[in-house]
Amino acid sequence: MTKTIGLLTFLLFSIPLLSQEIKPSTEAEILAAIRERDELRESSLLRSYPVENIGPIVQGGRVSDIEVFTSNKHEFLVAYASGGVFYTNNDGIGFDPIFDNQGALTIGDMAIFESSESRILWVGTGENNSSRSSYAGSGVYRSTDMGKTWIHSGLGSIQHTGKIITHPSDPNTVWVAAMGALYSPNENRGVYKTTDGGSTWKKTFYIDDRTGAIDLIIHPNDANTLWVSMWERSRKAWEFVENGSGTGIYKSTDGGESWKKSQEGLPEGEFNGRIGLSICNSDPNILFASLDNQKEKKKEKEDEEAPKSGYRPIDLVEMSTEEFLKIPDNKIDTFLRENNYPSKYDSKLVRKEIRQGKYKPEAVGNYFGDANEAMFTAPVTGAEVYRSQDGGLNWQKVNETDLYSTFYSYGYYFGEIRVSPSDPNMVFLLGVPLLRSMDGGKTFTRADTFVHVHGDHQALWIDPNDDQHLLSGNDGGLYQSYDGGAMWRPLKNLSVGQFYSVNYDLDKPYNVYGGLQDNGVLYGSSRSRPNYSKNWEWIFGGDGMMVQINPENSDEVYTGYQFGNYYRISRSGKGESTRVVPQHDIGDAKLRFNWRTPILLSRHNSDIFYIGAQRLFRSLDNGNTLKPISPDLTKDLASDNVPYSTLTVIEESPFDFSVLYVGTDDGNIQVTENGGGNWELRIDGLPSKRWVSGIHPSVHQEGKVYCALTGYREDEFKPYVFKSTDHGKSWASIASNLPSECVNKIIEDPEVEGLLFLGTDHGTYCSMDEGSSWQMLSAIPNVASYDLAIHPTENDLLVGTHGRSIYKVNIDNIRKVANGKETTLLFDLNDLHGREQWKRETNTFSRPWIPKLNVEGYNPIVQEIQVYIELITGKQQKINTLTESGYWSFNWKPEITDKKGDLSFLDKGEYSIILKSGKTQLAKGKFKVKG
């Protein structure tokens with residue numbers, strides 16, 4: 001315990017000093033950024049540029065809330081953690097997005113007020129799970145027209161919404177449980193109340209700047225009685241403390257104006273983590289609470305099963321060199337194998353290196369970490385269920401089933417419990433599995449085993465009139481049951497995947513690959529159409545991370561899951577997977593791998609594979625042998641229970657195999673110009689200590705390189721984008737007119753120099769002048785754009801979003817704009833075919849087929865442009881008038897007015913589309929009508 005306290009003291013007084021220079025964004029800055037983004041969306045020269053969502057849909061996405069209309073159970077809303085809000089009125093057969101392009105698409109909670117006169121929708125932005133990608137919101141929003149329009153209703157500073165409760169009869173009274181900022185202390189936590197429909201808010205309960213309100217429930221028959229669960233937690237890039245003495249349950253009997261602690265019988269103290277609440281409508285005195293108990297279990301040596309070798313790692317820590325050398329070879333070999341040491345180590349090698357003084361037996365025992373601490377530290381207690389029969393005044397732990405595997409040690413990610421509105425003995429506990437109790441929480445069984453149901457359950461709705469009718473939301477999407485959870489029907493028809501990466505192969509047609517949060521690694525055709533074409537296919541599990549595809553053999557794929565677990569696999573499944581992860585030598589520092597560990601296949605030689613820990617490793621034989629080619633490239637800062645000071649980006653120069661760039665989570669950009677022989681820190685002109693999120697060496701000019709950094713993990717939402725022309729020796733900002741939001745990725749077009757694409761936490765942007773100004777790709781919702789790639793032959797920009805799957809954008813016409821952005825342009829016209837078949841009906845119920853000519857172009861300034869068609873005869877007829885600047889397009893039915901004044905289709909032949917300003921011809925293009 002002394003050692004642990006010492007470490008915590010060190011963390012409290014040293015590590016936080018790193019963040020003192022970085023100030024979290026204020027409410028004014030967050031709201032100003034939204035206005036900037038809205039203005040850029042409307043004024044963007046690419047606001048109408050076409051994009052295509054290619055899915056996938058088979059995996060679903062993390063659901064954060066489900067709200068069903070009491071007047072019609074087939075009509076409901078579903079909110080996604082980072083994908084917005086969707087509405088259905090046909091029981092989930094089809095959904096429509098109703099919250100796109102509001103202040104933030106990350107959703108914490110929703111609420112519905114229903115009466116005979118009105119329906120009011122409330123959305124609280126900012127996911128309430130304290131995950132690595134729980135993006136901050138921008139407050140609460142209100143709609144009185146079923147989501148057609150929204151009013152920002154305040155609380156822009158709370159960042160993450162725990163819960164929203166509407167008054168059962170008063171549409172103007174609403175309560176909000178506010179979690180506050182994710183990564184920094186802030187005072188905008190607690191319970192808020194409005195009595196004027198969100199025009200003003202009053203904070204009615206607050207504990208401190210680390211304790212937020214995570215759950216809130218109301219008495220079904222008495223709107224003055226409410227309960228709230230408060231949760232103390234602290235997240236940093238290097239540690240996560242998910243419990244604290246501020247955690248607890250409080251009750252109000254005056255409509256939320258004042259609160260008193262109400263948790264007699266619950267554990268007291270610092271180990272209490274997230275608490276979920278539920279009340280039984282048929283008997284409101286009965287409440288349930290799920291508690292994430294973070295108290296560690298302790299174990300003694302004698303509790304462990306004796307190892308076959310007779311030795312445990314702790315035994316070697318306490319052993320002298322002389323004692324170790326007396327151990328027989330066969331026992332050393334058995335010890336090494338049963339503890340999974342690298343295969344190169346055997347008794348001969350270890351004896352030799354200990355004799356040489358390279359390391360001591362202690363280093364062997366501590367190879368996988370602190371063996372002494374591991375010896376006595378076991379998992380935490382985990383999930384517990386408490387029940388109150390007197391309205392929350394007294395609580396009793398009721399679960400007899402060991403519920404540790406419900407949350408494991410990461411209860412912060414769950415924390416929801418539900419009791420049937422009509423049966424107080426029917427209780428659901430949401431965690432990795434979905435559990436159901438039929439005896440009031442004493443014993444639990446799984447309720448998600450029949451038909452494959454994804455794990456990590458986040459939301460559950462129970463029909464108040466039929467508790468066998470359920471809607472469940474988890475990390476794999478939305479599911480429906482009509483038999484209490486015995487059987488489930490997946491409602492997976494939305495492109496709401498949370499991608500960490502995107503990549504492509506060179507097949508024809510090419511395939512798109514990506515790693516997804518808790519949904520593994522998938523690939524599918526670039527021609528995919530959600531709900532129409534073949535579903536994407538799964539090729540790897542876990543939290544899918546980066547993907548590299550052999551350009552010479554697309555069946556060979558390098559991919560894996562979180563914290564550096566990568567493999568070389570056969571996409572078709574014809575070959576066995578090979579682990580391609582480096583291991584440190586005994587005596588060296590243990591390797592630290594980022595959650596999204598970077599990997600790279602060399603563009604110069606596809607046999608060469610890179611992977612980063614705190615050092616960069618390279619393999620010359622497809623990952624079979626990995627050797628370090630760098631020292632520790634990070635600042636080597638201390639970390640607690642989250643790996644920190646790790647590599648986040650690996651890139652190589654397209655001109656020179658020996659030039660490599662790496663970025664780190666603690667703010668370093670390191671460059672080698674001799675293949676790893678020497679490394680140089682190159683951060684001149686960059687903000688200090690920000691997470692390096694992207695590096696992109698230009699293919700157009702040697703030494704030119706772009707980079708992006710993010711202050712997301714300090715709650716600092718600013719755009720850090722830079723350019724260097726000297727291999728990173730000096731950097732200059734190219735953020736220019738970007739809104740204040742974090743940047744995840746920057747890439748340059750391989751064909752047009754200075755044509756840049758950028759992904760941020762709230763959108764996708766393009767610059768046609770090397771960062772002097774930025775245009776928004778407005779047709780992509782303001783979802784987090786996490787990764788970008790450009791296919792080299794099909795000229796498609798692929799946008800991997802963290803909430804709306806993958807978008808494909810053909811950039812041929814953007815390239816033309818970039819080259820001639822001061823000129824009015826008419827883009828290439830496609831020929832029209834099948835003249836004889838136009839308007840022919842094949843049967844009574846078929847629709848006549850009439851093709852449309854897609855006319856698209858670009859106008860650099862606001863001016864009136866007349867669009868004419870020039871006929872075979874040379875005569876011209878006006879078919880449209882354009883007035884806006886930027887990219888434009890319209891579809892024209894190939895009809896003209898004949899001599900009699902009647903409409904008729906174009907005959908076969910060649911025609912022209914002409915753009916004019918007055919009598920001045922600005923552009924002209926040709927197309928043909930064919931049989």
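**Figure 1. An open, antiparallel sheet has the strand order β1-β58-β57-β56.** The sheet has 4 strands; this is a predicted model, in which local features need pLDDT of at least 70, side-chain atom pairs count only at pLDDT 80 or more, and totals for chains, interfaces and linings use all residues. Residues are numbered from 1 along each chain as its sequence is written, and side-chain values use heavy atoms, with hydrogens and water left out. Strands (E, at least two residues) and helices (H or I, at least four) are DSSP runs, numbered from the N terminus. Two strands pair if DSSP finds at least two bridges between them. β1 (52–55) and β56 are the edge strands, each pairing on one side only. From one strand to the next, the twist averages 25° (axes are lines fitted to C-alpha atoms, for helices over the stretch in contact; angles run from 0 to 180 degrees between N-to-C directions).

**Figure 2. Strands β57 and β58 pair in the antiparallel sense.** β57 covers residues 796–801 and β58 residues 806–810. The two share 5 bridges. Leucine 798 stands opposite lysine 808 of β58.

**Figure 3. Strand β14 is mostly covered.** Strand β15 (residues 226–232) runs antiparallel to β14, joined to β14 by 7 bridges. Isoleucine 217 has tryptophan 227 in β15 as its bridge partner.

**Figure 4. The largest nonpolar core has 42 residues.** Such a core is a set of buried Ala, Val, Leu, Ile, Met, Phe, Trp, Tyr and Cys residues joined through side-chain atoms within 4.5 Å. Leu77, Val85, Phe99, Leu755, Phe757, Leu797 and Ile814 have the most contacts inside the core. Elements giving two or more residues include β3 (72–80), β4 (84–88), β56, β57, β58 and α10. Leucine 755 touches Ile814, Arg815 and Ala818, among others, not counting residues up to four places away in sequence (contact means heavy atoms within 4.5 Å). A second, separate core of 27 residues includes Tyr500, Leu591, Ala613 and Phe617.

**Figure 5. Arginine 592 and aspartate 632 meet in a salt bridge.** The N to O distance is 3.2 Å (a salt bridge needs a side-chain nitrogen of Lys or Arg within 4 Å of a carboxyl oxygen of Asp or Glu). Arginine 592 sits in the loop between β39 (578–579) and β40 (599–601), and aspartate 632 in the loop between β43 (627–628) and β44 (647–652), so the bridge ties together parts 40 residues apart in sequence. Arginine 592 is buried, at 15% relative accessible area. Aspartate 632 is partly exposed, at 28%.

**Figure 6. Aspartate 787 and arginine 596 form a salt bridge at 3.9 Å, N to O.** The pair links distant parts of the chain, 191 residues apart. Aspartate 787 belongs to strand β56 (residues 785–790), arginine 596 to the loop between β39 and β40. Both residues, aspartate 787 and arginine 596, are buried.

**Figure 7. Arginine 815 forms a salt bridge with aspartate 812.** Their closest N and O atoms are 3.9 Å apart. About one helical turn separates the two, because they are 3 residues apart in helix α10 (residues 812–819). Arginine 815 is buried at 9% relative accessibility. Aspartate 812 is partly exposed, with a relative accessible area of 29%. Elsewhere, salt bridges that share partners join Lys704, Lys723, Glu753 and Glu770 into one network. The model holds 43 salt bridges by this rule.

Technical notes
Buried < 20%, exposed > 50% of the residue type's maximum accessible area, 1.4 Å probe, protein only.
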